[in-house]
Amino acid sequence: MERTYWGVRMIGVDNNSIGEASFPSRSKIAAEVFRGGCDGQDFCMLRAVVTTTEPYRVMKVLAVKKLQDDREPEDVIKFVYGNWSPNGFNVDDDDLEKLYTTRLADIIRKARERGRIEESDVLDQPFYTGQDGNPINVKMNITKMGDESAIVRTTYVVDADSADVVQRVNFEMRKVDGDWRIDDARLPLGPRDEMTLFSEFNSPAPPDAPSPPAPPASASPSGPASTATPPQAATQPTPQVKPQSPELPPIWR
């Protein structure tokens with residue numbers, strides 16, 4: 001059985017593998033990927049047909065999209081929302097610094113580890129989406145603050161919702177080694193859609209201090225990506241975890 005998935009992964013120099021999903025040996029598939037302009041230094045989105053049983057195989061590459069060089073802050077956000085999948089937008093632990101600053105990548109890794117240890121739901125990427133829909137009509141307003149920091153204010157509609165339900169996320173961007181990366185994000189996680197800083201939401205509460213509010217059902221824990229959940233206007237249920245399909249390797253979930 002085969003299914004089509006988007007997977008975010010830096011394409012390495014090994015022609016036989018992308019993450020944990022294997023190419024058939026000496027396959028033309030590898031040539032398709034490298035023809036798409038991706039190498040070990042790039043951050044790419046691969047859309048492929050993948051088998052759903054072990055050993056997982058990439059049977060056909062449908063598209064390879066690269067996060068461009070010499071990018072502006074808005075190009076990073078366009079790449080994220082332009083390559084959203086039904087499972088959201090996912091970034092492997094090893095590739096987090098390709099999209100995020102080191103500071104934010106560390107916060108994400110710690111959140112994921114905390115979720116594994118506590119076997120609890122975590123918001124482990126700074127995105128916000130609908131459980132049964134994808135972001136559409138994405139609009140951005142960019143404010144640069146000097147040469148190395150910027151704010152990208154983003155609004156969009158989830159295609160499963162009414163067109164008048166507009167979501168918003170403010171991405172804090174920083175230029176690192178010549179490339180713009182996401183350094184933090186303000187998400188509508190609190191009461192009355194108050195904007196909550198992702199890093200503060202994931203900071204451990206000091207002793208005797210109240211824990212941060214649980215994300216609404218519309219907060220996507222792992223992405224695009226991981227995976228996703230639609231905004232509920234008046235309620236604040238516990239966060240919805242991205243489905244972790246046992247039949248597929250982590251990169252394709």
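The model is a predicted one, in which local features need pLDDT of at least 70 and side-chain atom pairs count only at pLDDT 80 or more, while totals for chains, interfaces and linings use all residues. Residues are numbered from 1 along each chain as its sequence is written, and side-chain values use heavy atoms, with hydrogens and water left out.

Entry on Arg 109. I looked up Arg 109 with Asp 106 and found a salt bridge whose closest N and O atoms are 3.5 Å apart. The two residues lie 3 residues apart in helix 4, so about one helical turn separates them; helices (H or I, at least four residues) and strands (E, at least two) are DSSP runs, numbered from the N terminus. I also noted a salt bridge between the side chains of Arg 109 and Glu 97, at 2.7 Å from N to O.

Entry on accessibility. I took buried as under 20% relative accessible area, exposed as over 50%, and partly exposed as in between (1.4 Å probe, protein chains only). Arg 109 is partly exposed at 24%, Glu 97 is partly exposed at 26%, and Asp 106 is partly exposed at 33%.

Entry on Arg 71. I found the side chains of Arg 71 and Asp 179 meeting in a salt bridge at 3.8 Å, N to O. This pair links distant parts of the chain, 108 residues apart, with Arg 71 in the loop between strand 5 (58–66) and helix 2 (73–82) and Asp 179 in strand 9 (residues 179–188). Both Arg 71 and Asp 179 are buried.

Entry on the count. I recorded 13 salt bridges by this rule, and a network of salt bridges linking Arg 103, Arg 174, Asp 183 and Asp 184.

Methods
A salt bridge is a side-chain nitrogen of Lys or Arg within 4 Å of a carboxyl oxygen of Asp or Glu.
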